[in-house]
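Let's take a friendly look at how two chains meet, and at one residue along the way. Have the structure open while you read.

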Amino acid sequence: MEDFAHLVGHRFPGAVVSVPEHFTWLWSDAVGSRPRAGSAHPSIAYPLGLRGTGLRIDEILAIVGAGREDGVLLGECGFELHRPLRPEVAYEGSGGIVAVERKRGARAGTFDLVRFEVHLREESGEEAVRCSYTWVVPRGGGDDAAG
Amino acid sequence: MRPGETVGTLVVDPVPLAAMKTMAALLDDPTPIHYDAAAVRAAGLGQEPINQGTTNVGYLVELACRVGGGPHSLRSIDVRLNGSVFAGDRLRCTAEVLKIDAEAGLVELELTGKVGTRAVLGGRATVAMR
């Protein structure tokens, strides 16, 4: 079975990202929060960070050796917030894969926990948020996907 | 506020299908299990559409923010997604104080999310004290 430990250190191309005001309103409403003009719910770091990789989901999946049909799941997610996130503000994303851990479960078979991080910085260079994502990537040998 | 004390609760009852559709559009996520019950049944994953993990993370973020007094209070959060949340479920999330750093003005919270007795979410967050 192919070892994906070599992915640690892989850098994403990065991208400058932002979200419009209406996006933050709808997002807040969808997560059960009260929309606030000029402010974004902190969980909006999730899509901002993903876009900040400069890649589409399918492209990240390809890097970790998987496709949409492989049952890859989000296992963990975290944000370290240094500044409030705001709509219409440009954030420069940078990051990459920081860990790959192989696991084996009775039902799930062999899978990798692939962790990647994205830093989003404002134009001033100040970091606004560090986003981390751990994907559960099935590698086969189980009844179903992990998680 | 002291360690072990439950300082916040967020109940989503029922988990709304309409929000899943909104989130699918916002994320440009074509996965039908988040909006089409027939697709969920065909995949053998259950009977109702499955909430996006992103939204479940958002619920715990919202809970931590309420404990801290608003979105500006959240310093960090880490969430584990342990199980599926379906449209129509009653999701109950709680925040319990783990540790207080009075000097830094920070509170560390243990977060949990359950559907009935099934633990579907877990995590920790640090918020600035009001």
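The notes below cover the interface, the strands that pair across it, and one serine.

## The interface at a glance

Please keep in mind that this is a predicted model. Chain A brings 27 residues into contact with 29 residues of chain B. Between the two chains, about 2,200 Å² is buried, and carbon and sulfur atoms give 64% of that area. Ala30(A), Val31(A) and Phe79(A) stand out here: they supply 21% of the area that chain A buries against chain B, more than any other three residues.

## What chain A contributes

On the side of chain A that touches chain B, the elements giving two or more residues are α1, α2 (45-52) and β2 (73-81). With 8 residues, β2(A) gives the most to that side. By residue type, this side of chain A divides into 13 nonpolar, 9 polar and 5 charged residues.

## Strands across the boundary

β2(A) also pairs with strand β2 (residues 74-81) of chain B, in the antiparallel sense and over 5 bridges.

## A look at Ser28(A)

Helix α1 of chain A (residues 21-30) holds Ser28(A). Is this serine buried or exposed? Ser28(A) counts as buried because its relative accessible area is 3%, and the cut-off is under 20%. Leaving aside neighbours within four places in sequence, Ser28(A) is in contact with Ser33(A), Arg34(A), Pro35(A) and His41(A).

Definitions and conventions
Residues numbered from 1 in each chain as written. Chains lettered and ligands numbered in written order. Predicted model: local features only at pLDDT ≥ 70, side-chain atom pairs only at ≥ 80, totals over all residues. Heavy atoms only, no water. Helix = DSSP H or I, 4+ residues; strand = E, 2+ residues; numbered from the N terminus. Buried < 20%, exposed > 50% of the residue type's maximum accessible area, 1.4 Å probe, protein only. Contact = heavy atoms within 4.5 Å. Buried area = accessible area lost by both parts, 1.4 Å probe. Nonpolar A, V, L, I, M, F, W, Y, C, P; charged D, E, K, R; others polar. Pairing = 2+ DSSP bridges.
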